[in-house]
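User: I would like a close look at one part of this model. Please keep to the geometry and the contacts.

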Amino acid sequence: MKKANIEEWSGILVYVECRKGKVHPVGRELIGEAWRLAEKLKTSVYAAAAGARLDDVSGQLADCPLEQLYLFETEDEYTPVVYEKIITGCIEMLKPAIVLIGGTHEGRALAPRLAVAFESGLTADCTSLEIDEEGNLIQIRPAFGGNVMASILTAQSRPQFATVRAGIMEPVTAGHFQKMAVVRRRMNVTDERVRILGMKETERGDSITDQKILVVAGRGVRKKGDLEMLRELAKLLGGGLASSRALVEKGWMSPGEQIGLSGNTVSPQYMITCGVSGTVQFMAGIKQTKNIIAINTDSRSRIFEIAHYPVCGDLYEIVPKMIERLKCKSFE
Amino acid sequence: MEPGKHFPRESGSSMKIAVCMKQVPAVSEGNMDPKTGVLLRAGMEAIVNVYDLAALEAALRMKESIDASIHVFTMGPSKAESVLREAFAMGADEGWLICDKAFAGADVLATSYTLMQAIRAVGDFDLILCGKQTTDGDTAQVSGGLARWMDIPHANWVTEVINISHKEINVRYNMENSTVTASMSLPCLVSVEKDFFIPRMPSLKLKISGKKKTVHVLTIEDLEDQDKKHYGLSGSATKVRKIFPPPRTKHQEPVTFDGDKAAEYILSQLSDVNLF
Amino acid sequence: MRQLIYPMKEQYEEFIIDESKFSGYAQSISFPKNEEEIREVIKELGEKHIPITIQGGKTGITGAGVPEGGHIMNLSHMNQMKDGCLLEGGNGLIVVEPGINLMDLRKEINATFRKNLLFWPPDPTETSATVGGVAASNAQGISRLLYGDSRDYIEALRIIDSKGQAHFIERGKKFTLPSGKSIEMLDAVLGKEGITGVISELTLKLIPKPESIWGIAFFFEQAEDAGKFVDTLKRDLPKSKNAAVAAAEYIDRESISLIESHKGTMTKIKELPNIDENRAGMVYIEIHGEEEGIEELAESLMESAIICNSDPDEAWAVSGETDVEKLRAFRHGAAETSNLYIEKVRRDDKRITKLGTDMIVSNLTFSRVLADIQEELDDAGLKGCVFGHALENHLHVNILPECYGDYEKGIGLIRKWAAEVNEQHGEIVGEHGIGKLKQRILGDLISGQYIELCRELKSEFDKENIWNRGNIFPEKAGQV
């Protein structure tokens, strides 16, 4: 751990990840958060991007509250070692007190290398950030599988590194900011130890255990055909459809889609159960789900004991209305 | 052990692979005393981090196609020895327990530094393998930090080792929307994705013979840097200010709404989902 | 007055069937949360003489918790741990409500006894079963071999009779029946499948956890070799000063294939590697005790296995609760997937139910029992899974009928076996209970002495005949 001269370090640097010239959405989220923190510290926000094809980047960030945007052009499409060298140089020049990096695949490979390069602290996957009375960054994240929260400080080293996953922070909203200065540099940085041989676009994973949002069909679903409506809801929400054992028993859903003790254990961000009563066996498969919304006509259903948002109602009335609302919004 | 290299590389010898493995509490549901915020670890079983088993599996598979010796490193208290015993039961060759009071309380920075010192003290390794993350701590950053301390390139969350030779390794890994194949020259570090390296079951024969193997212990005196200030809590750059229970939704009485109002209510709960 | 009794509606469909897939019917259902509510329900139903079927986790495999008319009293909402204490000498006691399942029981015990680690030895592999159900059906588990009968770990219980009166029954209290037979009062309840009243509370005996546990799976290319291996162990079970073999379970090829076909959706076991197709059977052994003693036993077992052509490099060996749980889940998979098979076949014919045996034959070698079973299945042209407690010759043969014809043939075969086992003075009902299903399939073959005892208990403790009609002896429920 290297003790830094705290006064020498100020400002917040956001690493902006780009792929094929497009800024990753987490960039705007981190800039938004950086701005919020910067107001408390009365300091500036900088952004840095590295890679080939950066022509459009300044346009995509034109409305951001950045003092300066650094664009480091390299030959190499992303490799941690090359980007590390570039960003290290940027940090040495700017001496930001805080560096925020998106918790993407790229970011999570880059961040620890940078933190070690400066022998400073890194907290990964922060769920919120604050500033304490002394102007230090308070880094908050879950630990032990999400059952406790930890509040962490990097008191003596600089910069204070933090990674944040996409979808956690509020992105920058349009506002009247001073025009940012764009600094473009061609970097002749390579590393022969690493060669990218190929890059192929891929489809996202489909299994119910991969989904962040799950709609779950239970015994309350009366006919096999009614599952179509639930499937549509799941699709509109950007998630998947799963079921309790009852419907798998009936042959309406496949065993791979079953949740429960003799099926899959899932832990999506959101789960909407429709007509699921909540047997012990079912609930054993959903313990780590963060938000359970349960729809059932029986107010004494077992599932209401663990649902975060228990809704006593008829899925046949509620689901069509949800679909209607979602479809309307998408046309606004 | 004399500080310095125990197994310096000789040319033409078998490949030396280091695998970093950690012992963690079995139950990810941390039991916490809500009044004091202290974690109640008593009675919790200690097991090998499942992600690290995948790293060991990756090493064992490589050993099937290339002459290699697998050294497992684990940093922890003396009971972490069971990690090495389990590794022997799967086929690891040597086990190193990095154990010293000075190492306790380390964050990502100090942990990766300690691992680097320990690995260097034992020898020149061609390849270092790590699991993607741990079930306690969960930060997935030690592997990258270790690679930087050792000044070697690294690839994280590798799903396949396409080819391995004495000079280089070809790997495949998934980024958010793409699959990448890359080639890295050795020495380098690779962290692996759990689901692509399903660990083999320990064999009875190896489990029994593994009980008789010697576990080597590395204390601070075996390392080149013996300055306690660089390790453990003092060597850490981050400190935990406090631990507190997560915001838990209290048990709610079921709300009764008609179709449309219920739909509105539910959709409003999906606040951070990009619905539109 | 609050409503405790609910008329049966479509939403309660799941409560008229248990894991055996034996299905019934009922007029009403209740979910009492405590003794007071139980009493209220009994009173209200008693006025109309409506019989009651007691239900726990619905994991039973003989239909004992399935109603045939009348009312269902489902106790799954009575699932709290009420008290726990450490005893001098290191054992412990815990008082629980009957609806607590084995998973939650384990959690409560771990949370209550943080420094002195204790456990409740009865370990049926179906962990969502309730303690009340285990007590009522005399369910055992794979470690009965070492720790003994489940009943030895139930110290006391509270039972509520047909008048709503609660009785506290402690171990040691004896009772003389009109016939002159003297029994432990506890045995008027334990294993009697609810015919004498509803259990509202249990006091369980806990003992210290073993310092260490190993789970070892040996694989055999020939079933005969697996048989030989078990015979060897039976003749000469390796012993050590501070460790012992706690369980020895046989799992045949048919079971293994069935488990592997479902593995993808079974979280605990989906990462276990697939077993070589050429393996005809496996023996899963658990050793409990101190590490040193366990090693000794493991080496001895390994030697015996080698002699029986099992490759020790291939044998799986894990230690610690978490990893042993995976192998236990695999063993449980044998039962679970044969139940899933029945579920599938029932979609085409609802008359089909589980056809599992529960017979114990002590005076034959395991090899002989195994060979006979396989031969008779082949002769009858039936498919079946064979798995169970190898050292006690207590195998569960689950016939897998492809059509109703097979189902009928299967019943015939099971009856033939039961008759043979009776001749050998074995037991035809080992640990699953009789319930309604076994009553129908094997009723006339079950020990007359036992049936008589049960009838006597019934007439002594349930004069109004409201509790669990149809269990053990034939009697349709329905309103009187």
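How are α2(B) and α5(B) oriented to each other, and why?

Analyst: This is a predicted model, in which local features need pLDDT of at least 70 and side-chain atom pairs count only at pLDDT 80 or more, while totals for chains, interfaces and linings use all residues. Residues are numbered from 1 along each chain as its sequence is written, and chains are lettered from A and ligands numbered from 1 in the order in which they are written.

In chain B, helix α2 covers residues 81–90 and helix α5 covers residues 204–211; helices here are DSSP runs (H or I, at least four residues), numbered from the N terminus. Their axes lie 7 Å apart, at an angle of about 135 degrees. Axes are lines fitted to C-alpha atoms, for helices over the stretch in contact, and angles run from 0 to 180 degrees between N-to-C directions. The two helices are therefore oblique to each other, given that angles under 35 degrees count as roughly parallel, over 145 as roughly antiparallel, 65 to 115 as roughly perpendicular and the rest as oblique.

On the α2(B) side, B:R85, B:F88, B:A89 and B:M90 make the contact; on the α5(B) side, B:L206, B:K207, B:G210 and B:K211 do. Contact requires C-beta atoms, placed from the backbone, within 7 Å.

Seven of the ten residues of α2(B) are buried, so the helix is mostly covered; buried means 20 or more other C-beta atoms within 10 Å of a residue's own. Among them are B:F88, B:A89 and B:M90. Just after α2(B), B:G91 has a positive phi of about 130 degrees.

Notes: Two residues are in contact if their C-beta atoms, placed from the backbone, lie within 7 Å. A residue is buried if 20 or more other C-beta atoms lie within 10 Å of its own, exposed if 12 or fewer, and partly exposed in between; C-beta atoms are placed from the backbone.
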